[in-house]
Structure formats: structure tokens, C-alpha cells
Amino acid sequence: MNFEIEPADQAFREEVRAFLREHLPPEMAERTRRGFHFVREDQVAWTRILNKRGWSGQNWPREWGGTGWSPVRQLIFDEECFMAGAPAIDTSGFKMIGPIIMTYGSEALKREFGPRILNADVFWGQGFSEPNAGSDLASLGTTAVRDGDDYVINGRKIWTSYVEQADMIFMLVKTDPAARQRGISMLLVDKNAPGITIRPIIDIGESHSLNEVFFDDVRTPATLLVGEEGKGWTYAKSLLELERAFSGEWPRNKRNLEQLRAMACRERAGGGRLIDSPGFAERLAALEVELQGLEWLTLRALYEKGSNGGLPVGSLLKIRGSELLQRIGEMQVEALGDHAMYFYADPCHAAPEGALPAGPVLGPEYAPGVVTDYMYRRATTIYGGANEVQRTIVARTYLEL
Ligand SMILES: Cc1cc2nc3c(=O)[nH]c(=O)nc-3n(C[C@H](O)[C@H](O)[C@H](O)COP(=O)(O)OP(=O)(O)OC[C@H]3O[C@@H](n4cnc5c(N)ncnc54)[C@H](O)[C@@H]3O)c2cc1C
């Protein structure tokens, strides 16, 4: 298989680079580079800049109003955006619930949400996990009972990322509590509906993106049921496969490794460069080889998309990418040395409008965000489906063990 980028795709890369140079606001890029959790205002503004250019919905086909780009072009676009520091687009909308609505949803849902997602007019939270249902999602306990034209929801979700900034929640509920998988349905709910209470969970990096969500007799119109009642498990499985496929996060890994190399090449306060230490250089080289492996695995998955039968590519990418991300983070913290002791907390919530913190940065200019991001990424081997569970999927479906 030839993984070389075609000349036309290379020209596309140049076009993306030129666009980013001209249209990406520098202060947005700076916030991303410093490892902040996203600021909704940035996501909205950036998605609208892209939409105006016809570049929103990079992973969506043309008939949904997306770009219709090949998977390779999507990867090139993501890579260039990451390297330039562009804010991430709303993955919940574009890569998770959007494709599910457009594939399984009613015509009314498609018409309502397709254009709103493309223009960042609606933001989503993913209400799947519960205190007793994470890896074992089939045992979830939140119920939805049909009452006239509505469903009435009761229960509790946990780890719901960014729901505090969201407008809508897509969630799994039990419509038939007696059944396991066949009793699960997928519903869309207005985040501001009466009966919803959100309790923040502050993470190890002292920032807030996680939440518990309580549903107390919450009503949502039955027209917001996705697809058919009792088919939620099937939709969730294809959504989770999409989620895992981008959990390989090759562009993020590439950017972080380049940052690490730049950090290691700098002269340190006490003299000498980390890159000149043979032990460090050897470990860095090993990571670079693994990154190349991840790139080829990603490209192979993209080229073979649709023709790989039962190959659990999403699980494979998720395991490799998440572990690599954590190891790169560990070496970045090591490269920070004493400066890792300073706490560079996520300042977004102190400055909701997304202003960068005033005052001098302690230590080198690349220091803020490194420790915060390292701590947040401890969860990368858990979210999107714990790696141990992914290994079981690979063993069963690929290795036939
Ligand atoms: C930062 C972060 C963001 C998240 N965002 C969201 C979100 O937006 N929406 C949402 O719905 N959820 C979200 N989650 C939840 C996430 O999907 C779950 O944490 C994950 O699925 C694991 O479930 P659990 O936490 O219940 O762990 P458990 O299922 O209890 O697993 C704990 C550990 O037990 C082991 N284990 C469990 N089952 C098996 C098995 N069958 N075989 C082998 N080992 C096993 C694994 O080691 C696993 O790590 C998020 C989680 C984190 C940490």
C-alpha cells in the first residue's frame, strides 16, 4: 500500500495553511497552544469562519451540507489546524450525534439539527455514563416513560463533559427497564428543561469540564427520539466506534511531540540541552517511531474505510493513540523540570470571555498548560471506552481469541 500524499492533496495542504495564516485569530491560537479547555466563544467564531468558507462539516458528505472531503483530506485539515493552534470544532456535534441524526433520525430532526450544527448554533453534551454504568453501559438505570406526546426522564448521568456550556444533551435511556440492550433508546433533551440539575466535578487539574446531571421528571417531546424506540444500543455502538476512531488523535500527538522536541532542544537555565542527554534522546526517538506507526495505522484505516469488515480499527487507534499521548505528556513534564512545580491552572473560568491571564508567565513561555494538559490526559485511556475493554474487543473480533 502506498501512503504517499498525492500532489493534489499536497496542494490542498498549502491552501489550508494559507487560509489558517490569514483567518485564524492569533489570540485564539494562543489559548489553544496553552492547553486551555475550549472556550465556547472560540469554537463558535471559528466554526462560523470555516462555514463561511464552505469548510464546516469536514467529515460530513455534501448531501448533509458538509465538505465531502476524502478521509485523507480530513486528516490533512485536522493536522494543519492542530499545528496552527486552531480551536477544536465541537466533536460531540460533528463527529458523534450529527452523523447519528443524519443516518438514523427522522427527516424533521435532520432538517432541524443539520444546519444548526454546521453553523455552531447548537452545542451538545453526551449523556451516556452513569455511576453504575460506564464500561457496562447496558446496565444503565435512567428511565424514560412515554406520557402523551412526551417522554418523562428520571435518573442521573455522570462525567458529562462540557454540558455546562451545551444547549442540548443526547442521552441513552431505558424505555423498557426489563430488557437490557433492547430496552435502550436515544433521546435528545434541551439542557435548560425544567427538572435538570447540573453539579460540576472539578478535575485533578483544578479545572471544570466534567459534570453530574440529575433528571427529575424532565419532559422531552417524543419527536426528539432518535430513530426507533429500543434501537438506542445499535446507534450508541456506531457512535462509540466513531468516537474511538478519533481518539487515536494523531494530529494532537504530532503537535505534542513537536512541542516536546522543541522543549528538549532549548538551552536550560543551568546550561546544556536535554536533547544532548543520550537517555532522553533515545526515549524521544522511540516515541517518534511510535508516532509514525500511529500515522500509518491511521492512514491505513482511512484508505481502507468501509472495506475492513469487522476490523476494530477504532479500538486499535484508541489504544495506541491514548497511550502515546500519555507518554509524550510525561516526557513534557520531565522536560519542564522545576517549572512543573508551578501550577498553570486553566484560567478560562476566571475569565469566561476567554481573555489570556494578565501578568508575566513564570518560567519558559511554553510552560503554561503543559501540566494541566498532562493531568487531564490521564483520563484518555478511560474516556471513549476504557483501554482494557478495547483490548478485549480487539482480542475477540480481530485475533479471534
Ligand atoms: C475526562 C472524562 C470525560 C468523560 N466524558 C464523558 C461524556 O462526555 N459523556 C459520557 O457519557 N461519559 C463520559 N466519560 C465517561 C467514560 O466514558 C467512562 O468513564 C468510561 O466509559 C469508563 O466507565 P467507568 O468510569 O464507569 O469505569 P468502569 O466501567 O467501572 O471501569 C473501571 C475500570 O475497570 C476495568 N474494567 C471494567 N470493565 C472491564 C471489562 N469488561 N474488561 C476488563 N476490564 C474492565 C477497566 O480497567 C476500567 O478502566 C468521561 C470520562 C472521563 C474520565
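A salt bridge here is a side-chain nitrogen of Lys or Arg within 4 Å of a carboxyl oxygen of Asp or Glu. Arg-377 makes one with Asp-373, and their closest N and O atoms are 3.3 Å apart.

Before I go on, two notes on the model. It is a predicted model, where local features need pLDDT of at least 70, side-chain atom pairs count only at pLDDT 80 or more, and totals for chains, interfaces and linings use all residues. Residues are numbered from 1 along each chain as its sequence is written, and side-chain values use heavy atoms, with hydrogens and water left out.

Back to that pair. Are its two residues buried or exposed? Buried means under 20% relative accessible area, exposed means over 50%, and partly exposed is in between, with a 1.4 Å probe and protein chains only. Arg-377 has a relative accessible area of 9%, so it is buried. Asp-373 is at 16%, so it counts as buried too.

How many salt bridges are there by this rule? The count is 30. Let me pick out a few.

Take Glu-107 and Lys-110. Their side chains meet in a salt bridge at 3.2 Å, N to O. Both residues lie in helix α6, residues 107-118. They are three residues apart, about one turn of the helix. Helices are DSSP runs of H or I with at least four residues, strands are runs of E with at least two, and both are numbered from the N terminus. Glu-107 is partly exposed, because its relative accessibility is 49%.

Now Glu-334 and Arg-283. Their salt bridge is 2.7 Å, N to O. This pair links distant parts of the chain, 51 residues apart. Glu-334 sits in helix α10, residues 313-336, and Arg-283 in helix α9, residues 278-303. Glu-334 has a relative accessible area of 39%, so it is partly exposed. Arg-283 is at 38%, so it is partly exposed as well.

There is also a network. Salt bridges link Arg-13, Glu-14, Arg-17, Glu-79, Glu-80 and Lys-254.

Next, the strands. Two strands pair if DSSP finds at least two bridges between them. Strand β2, residues 143-147, and strand β3, residues 150-158, run antiparallel and are joined by five bridges. Val-145 has Val-152 in β3 as its bridge partner. The two strands form a hairpin with two residues between them. In that turn, Gly-148 has a positive phi of about 65°.

β3 also pairs with strand β7, residues 208-221. These two run antiparallel, with eight bridges. Asp-150 is partnered by Pro-221 in β7. Lys-157 stands opposite Val-213 in β7.

What else pairs with β7? Strand β6, residues 196-202, does, in the antiparallel sense over seven bridges. Thr-197 stands opposite Phe-214 in β7. The hairpin of β6 and β7 has five residues between the strands, and there Glu-206 takes a positive phi near 60°.

Last, the ligand. Which of the 17 residues around the ligand come nearest? They are Gln-126, Ser-129, Ser-135, Trp-159 and Ser-161. A residue is near a molecule if one of its heavy atoms lies within 4 Å of it. Then there are polar contacts, meaning pairs of N or O atoms within 3.5 Å. A polar side-chain atom of Ser-129 lies 2.8 Å from a nitrogen atom of the ligand. For Trp-159, a backbone N or O atom lies 2.9 Å from a ligand nitrogen atom. Glu-388 has a polar side-chain atom 3.2 Å from an oxygen atom of the ligand.

How values were computed:
Polar contact = N/O pair within 3.5 Å; in protein donor to acceptor, adjacent residues only side chain to side chain.
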